[in-house]
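Subject: Handing over a structure, with notes

Dear colleague,

I am passing on the structure that I have been reading, together with some notes on it. Please keep it open beside this message while you read.

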Amino acid sequence: MRVVLLALRLMCMAELWPVTQLNTSHFKRRHKEHYLGDTVKQKHAGRMDPKMKKLDSTKSMLIKSEQLLRIEDHDFAMRPGFGGGALPVGIDVQVESIDSISEVNMDFTMTLYLRHYWQDIRLAFPSSSNKSRTFDARLVKKIWVPDVFFVHSKRSFIHDTTMENIMLRVYPDGHILYSVRITVTALCSMDFSSFPLDTQNCSLELESYAYNENDLMLYWKNGNDSLRTDEMVLSQFFIEDFQPSFGLAFYSSTGWYNRLYINFILRRHIFFFMLQTYFPTMLMVMLSWVSFWIDRRAVPARVSLGITTVLTMSTIITGVSASMPQVSYVKAVDIYLWASFLFVFLSVIEYAAVNYFTTVEEMKKLKRAKVPASFNNAQAMAFDGCFHDNDIDLSSFPESTPNTERNTRARNSTVSSPTEDTRLRCKPPLKRHLSFIMSNSYMIDSYSRVIFPLTYLLFNIIYWSLYS
């Protein structure tokens with residue numbers, strides 16, 4: 001029985017041997033092809049994709065830099081020299097542009113390069129060539145940097161096109177230069193009492209947020225040369241001066257802080273406002289004087305001219321007020337506009353006075369005359385100012401004669417010196433002049449032609465002497 005089983009096993013092994021040999025040779029052939037294919041791919045990769053090798057070398061170089069600076073060996077949540085004296089941090093600023101100045105919001109927008117200088121021994125590294133290493137924003141997030149912020153800023157941002165505009169430069173001895181490009185909108189308390197002949201003093205203030213003067217000392221690195229500006233041209237202002245300064249700020253809960261100031265003086269261009277406000281106002285005032293040369297009985301012409309100039313002045317005042325903040329004090333432009341409006345308004349009142357006195361004068365003449373029943377309507381309406389004084393022929397009317405007997409006695413009487421009971425009565429000079437002008441109302445226009453221009457000229461001389 002055992003012999004039969006051994007024979008069957010030998011027969012099975014004889015049948016399976018060719019298949020096993022075939023599978024073994026097939027596996028060896030496939031393994032050899034796979035190995036050759038990988039070798040060819042590696043050769044092609046070495047020739048066709050050099051950027052991959054460059055990327056790999058950059059990655060290894062970054063790792064070496066982090067290891068060189070020993071970033072993982074220190075706690076960069078703490079400032080350099082923690083527990084010791086205050087850390088000096090130098091600041092210098094290069095102002096790129098002043099983008100806008102808003103009178104309504106009382107603020108300005110400025111773009112600048114803010115540079116910080118300090119020393120962090122933890123980042124010192126050995127270097128035979130004594131060359132610095134420069135990094136971008138990715139390494140900045142891993143180390144300690146000063147927490148400088150802008151006091152009274154409304155909004156600000158770091159430029160990020162095409163990447164964040166941040167530069168970090170580390171020197172072998174641990175000195176660091178940290179530069180950032182920022183646009184900031186900050187408050188500027190403006191005084192408009194002399195607007196638009198004003199000069200504004202604005203400042204941008206820098207301060208550490210968390211570290212008081214015992215931990216961090218801010219200072220201008222190069223004194224007055226720490227503030228540099230590019231050539232800037234503004235639409236409404238001349239930039240008269242840029243000046244850095246230094247001070248201290250006290251907070252009751254946290255103590256004293258170092259504060260740096262960027263002061264600049266802005267003087268406003270006046271030519272724009274001369275064209276838009278002052279010249280039109282002067283023309284409206286002079287236009288109102290034209291009515292003094294128009295006949296006093298041309299009621300429609302003089303009234304329409306006066307109303308037109310008043311409405312135009314109201315429009316100019318409204319336009320200027322709409323572009324200005326609602327302040328509680330009087331501005332220089334308000335004084336000029338309202339004084340000019342007063343001149344225009346008085347020219348309208350002048351004609352009302354002329355028309356009234358003319359009417360009163362003609363009514364008195366008609367009352368002194370005995371008007372017959374046959375008097376036509378045109379003659380009866382002479383008192384309303386529609387006709388000249390000599391347009392009506394009053395020669396046919398009898399004149400009222402004084403008492404002949406009384407006049408005769410007056411002529412025959414001799415002039416005697418006044419006694420104690422006799423007093424001389426005469427009208428005061430001012431009242432006499434007023435009654436003379438009222439009886440000759442055409443003279444009001446004659447006086448106005450001289451008084452109004454001279455008074456307005458005097459006002460302009462005083463105004464421009466005070467504010468220019």
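The notes below go from the whole chain to single residues.

Please bear in mind that this is a predicted model, in which local features need pLDDT of at least 70 and side-chain atom pairs count only at pLDDT 80 or more, while totals for chains, interfaces and linings use all residues. Residues are numbered from 1 along each chain as its sequence is written, and side-chain values use heavy atoms, with hydrogens and water left out.

**The chain as a whole**

The protein chain contains 10 helices and 12 strands, where helices (H or I, at least four residues) and strands (E, at least two) are DSSP runs numbered from the N terminus. Of its 468 residues, 34% count as buried; here buried means under 20% relative accessible area, exposed means over 50%, and partly exposed lies in between, with a 1.4 Å probe and protein chains only. If we take the contacts (heavy atoms within 4.5 Å) between residues at least 6 apart in sequence, 77% of them join residues at least 24 apart.

**The disulfide**

How many disulfides does the structure hold? There is one, and a disulfide is counted here when a pair of cysteine sulfur atoms lies within 2.5 Å. In general terms, such a link is a covalent bond between the sulfur atoms of two cysteines. In this model the disulfide joins Cys188 to Cys202, with a distance of 1.9 Å from S to S. Cys188 lies in the loop between strand E7 (175–187) and strand E8 (199–208), whereas Cys202 is in strand E8, so the pair ties together parts that are 14 residues apart in sequence. The torsion about the S-S bond is about -75 degrees, and therefore the disulfide is left-handed. Both Cys188 and Cys202 are buried.

The loop between E7 and E8 also holds Pro196, which is joined to Phe195 by a cis peptide bond with omega of about 0 degrees. Another cis peptide bond joins Thr161 and Thr162, with omega of about -5 degrees, and Thr162 is placed in the loop between strand E5 (153–158) and strand E6 (166–170).

**Two packed helices**

Two packed helices are described by the angle between their axes and the distance between the axes. Helix H6 (residues 332–368) and helix H10 (residues 442–467) pack at an angle of about 170 degrees, with their axes 12 Å apart; the axes are lines fitted to C-alpha atoms, for helices over the stretch in contact, and the angles run from 0 to 180 degrees between N-to-C directions. That angle makes H6 roughly antiparallel to H10, given that angles under 35 degrees count as roughly parallel, over 145 as roughly antiparallel, 65 to 115 as roughly perpendicular and the rest as oblique. Among the residues that make the contact are Ala339, Phe343 and Leu346 of H6, and Phe452, Thr455 and Phe459 of H10. By class, the contact has 16 nonpolar, five polar and two charged residues, where Ala, Val, Leu, Ile, Met, Phe, Trp, Tyr, Cys and Pro count as nonpolar, Asp, Glu, Lys and Arg as charged, and the others, Gly among them, as polar.

Thr455, which lies in helix H10, is partly exposed, with a relative accessible area of 37%. Although Thr455 and Phe343 are 112 residues apart in sequence, they are 9.3 Å apart in space, C-alpha to C-alpha.

Asp92 belongs to strand E1 (residues 87–102), and because its relative accessibility is 2%, it counts as buried. Its side chain makes a polar contact with the side chain of Tyr117 (2.8 Å); a polar contact is a pair of N or O atoms within 3.5 Å, of which, within protein, one must be able to donate a hydrogen and the other to accept it, and residues adjacent in sequence count only if both atoms are side-chain atoms.

Thr111 lies in strand E2 and is buried, with a relative accessible area of 4%. The side chain of Thr111 makes a polar contact with that of Asp99 (2.9 Å).

Met106 is found in the loop between E1 and strand E2 (107–119), and its phi is near 55 degrees, a positive value in a residue other than glycine.
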